[in-house]
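Open the model in your viewer and keep the selection tool at hand. The stops below go from one selection to the next.

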Amino acid sequence: MRPFRRTTLLAVAVLTAAGLLALPSAAVAGPTRSPDAPTEAFARQVTRGPALPLAGRVIVLDPGHQLGNHNFPSEINRLVPAGGFKKACNTTGTATDGGYPESTLNWRVAKLAQRRLEKAGAQVLLTRAADRQDLWGPCINTRGRIGNKVPADLKISIHGDGNYGGGPGFHVIAPTDRKPWTHDIYAPSKALALAVRHSLHKGAGLPYAGYIAGGDGLDFRSDLGTLNLSNVPTVMVELGNMKDSADVDRMTSARGRRAYAAALARAAVKYLS
Ligand code: ZN
């Protein structure tokens, strides 16, 4: 705006000096406004700070499973659409040998990540509202589609794996390119997977799971309804191995869970910026 205004004033000055234009001084200064005009009162109330990195963004976090799933076998074994085929509504998830449930790990990391993302300006939608023995679900088709309507900017499904003898480490699962299900999201989902992998590996210093083919912390799957039914970029992250003692120590400590959550939040910021 400033250059335009300067030019306009300059043009008025030149024309006036040349005697080609004579304006009353009030017209040059512009019309006066009442000091209590509504716009001025509003302007006084507006506070401006640095823009938050995720302002205006919507992020879905999907804490995998539900603590009570094992109490509702008929509900969670019911077949639901999973992207061109049917699959059980949900599963119980795994646990450490000491009895720390995957559902609870997923829930606590999701809540910590939610807080960080909201502080960065995002609106965060969780696929479940609690981690309780008297609840089950939601089913994978609900988890898969939940971000589509908004639409969300991305969705991260949070899990822990269980692999005896597999050693420590995480891996990130992205959808394959499968028309019509994931053709629209497989490329941005891969970019999101790379951001999550970088954040967990380089940022948090976590190793890649050695028991996943390739050993590079990435996996591509076509059999997961949670990924197949999403129309927004999405990944599933297996934060670590709940049957490995080093990963169990991390997962069962508040500090370890904070590190997972911080890495996921940083990945979201990086992917969206
Ligand atoms: Zn899981």
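A crossing of two helices is called left-handed if the near helix is turned anticlockwise from the far one by less than a right angle, and right-handed if clockwise. Helices (H or I, at least four residues) and strands (E, at least two) are DSSP runs, numbered from the N terminus. The model is predicted: local features need pLDDT of at least 70 and side-chain atom pairs count only at pLDDT 80 or more, while totals for chains, interfaces and linings use all residues. Residues are numbered from 1 along each chain as its sequence is written, and side-chain values use heavy atoms, with hydrogens and water left out.

Go to strand E6 (residues 171-175), which runs parallel to E7 and is joined to E7 by 4 bridges. Opposite Ile 173 is Asp 219 in E7.

**Helices on the sheet**

**Helix pairs**

Show H7 and H10 together. Their packing angle is about 135° and their axes are 8 Å apart. H7 and H10 are therefore oblique to each other: angles under 35 degrees count as roughly parallel, over 145 as roughly antiparallel, 65 to 115 as roughly perpendicular and the rest as oblique. The crossing of H7 past H10 is right-handed. Residues to pick include Ala 191 and Leu 192 in H7, and Tyr 260 and Leu 264 in H10. This contact has 11 nonpolar, 3 polar and 2 charged residues; Ala, Val, Leu, Ile, Met, Phe, Trp, Tyr, Cys and Pro count as nonpolar, Asp, Glu, Lys and Arg as charged, and the others, Gly among them, as polar.

H5 and H10 pack at about 50°, with axes 8 Å apart, which makes H5 oblique to H10. This crossing is right-handed. In the contact of H5 with H10 there are 11 nonpolar, no polar and 4 charged residues.

**The zinc ion**

Which residues coordinate the zinc ion? Select His 65 (NE2), Glu 102 (OE) and His 159 (ND1), at 2.1 Å. Donors are N, O and S atoms within 2.8 Å of the metal (3.2 Å for Na, K and Ca); water is not among the atoms, so sites may look incomplete. The spacing of the donors along the chain is H-x36-E-x56-H.

His 65 lies in the loop between E1 and H4. Although not a glycine, His 65 has a positive phi of about 65°.

**Two cis bonds**

Finish at the prolines. The peptide bond joining Gly 137 and Pro 138 is cis, with omega about 5°; Pro 138 is in the loop between E4 and helix H6 (140-145). Another cis bond runs from Val 150 to Pro 151, with omega near -15°, and Pro 151 is in the loop between H6 and E5.

Technical notes. Two strands pair if DSSP finds at least two bridges between them. Axes are lines fitted to C-alpha atoms, for helices over the stretch in contact, and angles run from 0 to 180 degrees between N-to-C directions. Contact means heavy atoms within 4.5 Å.
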